[in-house]
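Subject: Handover of a structure

Dear colleague,

Please find the sequence and structure below, followed by an account of what was found.

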2 protein chains.
Amino acid sequence: MENLGYYNGSFGLIEDMKIPMNDRVCYFGDGVYDATYTANHLIYSLDDHVDRFFNSAKMIGIPIVPSKKDLKNLLQEMVNKVDSPEQFLYWQVTRGTAIRNHAYPESDIPSNLWIMIKPGSIKDIYQKFKLITVEDTRYFHCNIKTLNLLPNVMASQKAAEAGCDEAVFHREDRVTECAHSNISILKNGVLRTAPLDNLVLPGITRGHLLHFCRQNGIPVDESPFTLNDLMDADEVIVTSAGALCIAASEIDGFPVGGKAPDLLNILQKSALKKFQQETGAL
Amino acid sequence: MENLGYYNGSFGLIEDMKIPMNDRVCYFGDGVYDATYTANHLIYSLDDHVDRFFNSAKMIGIPIVPSKKDLKNLLQEMVNKVDSPEQFLYWQVTRGTAIRNHAYPESDIPSNLWIMIKPGSIKDIYQKFKLITVEDTRYFHCNIKTLNLLPNVMASQKAAEAGCDEAVFHREDRVTECAHSNISILKNGVLRTAPLDNLVLPGITRGHLLHFCRQNGIPVDESPFTLNDLMDADEVIVTSAGALCIAASEIDGFPVGGKAPDLLNILQKSALKKFQQETGAL
């Protein structure tokens with residue numbers, strides 16, 4: 001198959017798949033998701049992503065029907081059906097199918113499990129991103145990977161219209177994260193990244209980046225940093241499932257970073273090595 | 001028909017209707033909606049609701065295919081197909097069908113139009129609501145009626161579990177609105193309600209309430225009020241499409257209101273009269 005959509009046991013080409021009008025996603029965005037990439041039909045960091053998926057669902061009280069083990073097996077089974085060996089693998093759970101009503105449906109209605117797979121590769125780690133800054137007007141549950149993504153959509157569109165790769169959110173002066181990535185900076189040999197509170201997603205790739213820092217003796221400072229810190233950084237690093245460790249060269253049209261290429265290179269090599277070890281890619 | 005689901009020209013029983021897995025509502029909650037009630041197959045305040053619907057869509061850049069006039073005709077046509085003369089009439093528009101990507105799809109992809117009708121009546125205006133208070137953790141676009149409703153869902157569930165009718169949101173000390181209603185108070189003969197900024201939906205029924213105040217010589221104060229003001233009010237009034245002017249008797253288990261029954265009665269009679277004039281109901 002060229003791509004794959006899965007819904008509660010049925011699957012087919014995404015463009016042929018349909019879902020019930022009463023899935024609560026249709027009225028409330030009532031669900032959570034997770035996503036990663038594959039290479040050689042091997043799924044990158046699957047355990048980490050499935051753990052976070054279960055955590056997200058638990059935080060908004062959605063029970064997931066399969067066990068973690070069964071979900072991982074199912075994801076691998078679906079990945080094997082898609083021809084391209086390099087894929088974007090996405091899955092979500094929604095709070096069941098019921099006539100529209102804000103409060104949860106009866107507890108005996110099962111949640112719905114979705115999978116979506118399309119050909120896709122991680123981005124070239126050595127490219128340079130252009131970024132824009134956008135006021136962070138999102139809710140206060142950004143630590144949960146929910147389907148309430150309208151502010152992220154609008155910020156991403158703004159970045160695309162500006163010919164940029166990502167939008168950096170800030171709450172007043174404090175930099176939080178990007179529209180679909182985390183953001184960190186290197187300054188005077190220290191890696192700084194926002195702490196894991198309710199304003200920031202606990203990014204899997206962010207976690208890996210901190211691990212590579214510790215492995216390589218680079219001190220980590222998980223305290224809030226500001227827009228000034230961002231513009232004045234030695235390097236600005238964007239991380240996500242598809243952007244393992246990509247540096248920015250420009251924010252709002254002003255040049256940034258480029259002042260700690262050796263440290264950046266250590267982190268990028270570590271990230272590529274981990275991806276290669278798990279997937280045999282590159 | 002007992003109820004009705006409509007999607008881009010197809011319609012049937014809601015429970016039989018399906019929508020494409022790639023509708024952007026499924027991944028981002030990328031759409032806006034509006035809703036009202038009918039009686040005798042006549043739609044209450046249709047012009048107001050359709051105007052707000054177009055405003056909401058415009059604010060997030062979703063073009064609506066039919067004109068306002070054609071949409072109103074379509075809604076009436078669908079209302080006529082449902083047996084019950086008293087209905088909950090709901091419609092929404094989503095930002096087209098395309099493979100998942102945060103930024104908007106190509107501009108030539110049309111938006112999707114949805115309608116959902118189920119039997120339903122406005123609530124008894126003379127009942128008393130029990131409310132709970134909940135910290136308002138929503139985004140800063142509450143003036144747009146979007147499908148990003150997870151915090152509203154969770155607050156409504158909390159109210160239901162507490163045996164209450166609605167949840168009152170507050171940002172620190174400031175009362176904003178309820179999970180799916182506006183809230184106002186009467187104090188010393190003045191009606192106070194939150195101003196129309198980005199923290200509050202411009203409720204159609206809220207607008208009607210202010211109109212009834214002006215008609216009846218009741219001064220209106222549209223400035224923020226606090227939790228203390230709420231608990232200390234002469235009357236607490238909840239308004240929505242289904243709750244035309246319902247007073248609360250209890251918030252977080254403490255008795256509230258009941259101290260300005262004559263003013264309350266004037267407003268309730270005005271609200272009922274308007275509904276009756278437009279629909280012939282009651």
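**Salt bridges**

A:Arg206 and A:Glu222 form a salt bridge in which the closest N and O atoms are 2.6 Å apart; a salt bridge here is a side-chain nitrogen of Lys or Arg within 4 Å of a carboxyl oxygen of Asp or Glu. A:Arg206 belongs to helix 5 (residues 204-215) of chain A, while A:Glu222 sits in the loop between strand 13 (220-221) and strand 14 (225-226), so the pair ties together parts that are 16 residues apart in sequence. Helices (H or I, at least four residues) and strands (E, at least two) are DSSP runs, numbered from the N terminus. A:Arg206 is buried, with a relative accessible area of 3%, whereas A:Glu222 is partly exposed at 34%. Buried means under 20% relative accessible area, exposed over 50% and partly exposed in between, with a 1.4 Å probe and protein chains only.

Before the remaining findings, please note the basis of the work. The model is predicted, and local features need pLDDT of at least 70, side-chain atom pairs count only at pLDDT 80 or more, and totals for chains, interfaces and linings use all residues. Residues are numbered from 1 along each chain as its sequence is written, chains are lettered from A and ligands numbered from 1 in the order in which they are written, and side-chain values use heavy atoms, with hydrogens and water left out.

Over all chains, the structure holds 32 salt bridges. In chain B, B:Glu177 pairs with B:Arg138, with 2.9 Å between the closest N and O atoms. This pair links distant parts of the chain, 39 residues apart: B:Glu177 is in strand 10 (residues 174-178), and B:Arg138 is in the loop between strand 8 (128-135) and helix 4 (150-161). Both B:Glu177 and B:Arg138 are buried.

A further salt bridge joins B:Asp221 to B:Arg192, the closest N and O atoms being 3.5 Å apart. Here B:Asp221 lies in strand 13 (residues 220-221) and B:Arg192 in strand 12 (residues 190-193) of chain B, 29 residues apart. B:Asp221 is partly exposed, with a relative accessible area of 27%. In chain A, a network of salt bridges links A:Asp136, A:Arg138, A:Arg171 and A:Glu177.

**Chain A as a whole**

Chain A has 7 helices and 17 strands. Its radius of gyration is 19 Å, close to the 19 Å that the globule rule gives for 282 residues, so chain A is as compact as a globular protein of that length. The radius is taken over C-alpha atoms, and the rule is 2.2 Å times the number of residues to the power 0.38. The C-alpha trace of chain A spans about 55 × 40 × 35 Å along its principal axes. Of the 282 residues in chain A, 59% are buried. Among contacts in chain A with a separation of 6 or more, 72% are between residues 24 or more positions apart, a contact being heavy atoms within 4.5 Å.

**Positive phi values**

A:Asn188 has a phi near 50°, a positive value in a residue other than glycine. A:Asn188 lies in the loop between strand 11 (182-187) and strand 12 (190-193) of chain A and is exposed, with a relative accessible area of 64%. A:Asp252, also not a glycine, has a positive phi of about 55°. The loop between strand 16 (246-251) and strand 17 (254-255) of chain A holds A:Asp252, which is partly exposed at 36% relative accessibility.

With kind regards
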